[in-house]
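Open the structure in your viewer and keep the selection tool at hand. The tour starts on the surface and then goes inside.

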Amino acid sequence: MKTIVKFKFINLNGQGFHLCIDASINDAKVNLLVDTGASKTVLDKTRIEKIAGDSKIKKHKHEATGLGTNTMKTFEAVLRRISIGNITVKSYNTGLLDLSHVYESYAKFNKKAIDGGLGSDFMKN
């Protein structure tokens, strides 16, 4: 099956671009950064707790690497569903992190905050 997803190019005030997409998690609209270098999709823990309260969240035994740190506490959640375009994945296992530092970076550029980063693990669906 071929799927076409519309990307939003976010201009970082002449310092480059980010690719973002619209998605939904358990019917709530989210803004995701397409993270071409990420092996795993990660979402903001605080945001997901609000929109996916019925998802089971548990602490992960490993800390995150990348994202500017090697010591970030990580969590896991199984989402009821995540949808992008006409692709819907049920019982999606994802990582959760505190992404407040990313919000702060986007705020400096007066850009809409992102709810997480879409990693290559989603691309195989």
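The model is predicted, so local features need pLDDT of at least 70 and side-chain atom pairs pLDDT 80 or more, while totals for chains, interfaces and linings use all residues. Residues are numbered from 1 along each chain as its sequence is written, and side-chain values use heavy atoms, without hydrogens and water.

F9 is found in strand β1 (residues 8-11); strands (E, at least two residues) and helices (H or I, at least four) are DSSP runs, numbered from the N terminus.

Now go inside and select I25, L32, I48 and F122. Of the 22 residues in the largest nonpolar core, these touch the most other members. Such a core is a set of buried Ala, Val, Leu, Ile, Met, Phe, Trp, Tyr and Cys residues joined through side-chain atoms within 4.5 Å. Elements giving two or more residues to this core include β2 (17-25), β3 (28-34) and α1 (45-51). The largest share, 5 residues, comes from β8.

Next, select Y92 and F122. Which kind of pair do the rings of Y92 and F122 form? The pair is edge-to-face, because the centres are 5.7 Å apart and the planes at 75 degrees; rings of Phe, Tyr and Trp (its six-membered ring) pair if their centres lie within 6.5 Å, with planes under 30 degrees apart counted as stacked, over 60 as edge-to-face and the rest as tilted. Y92 lies in strand β9 and F122 in helix α3 (residues 120-123), 30 residues apart. Both Y92 and F122 are buried.

How values were computed:
Buried means under 20% relative accessible area, exposed over 50%, partly exposed in between (1.4 Å probe, protein chains only).
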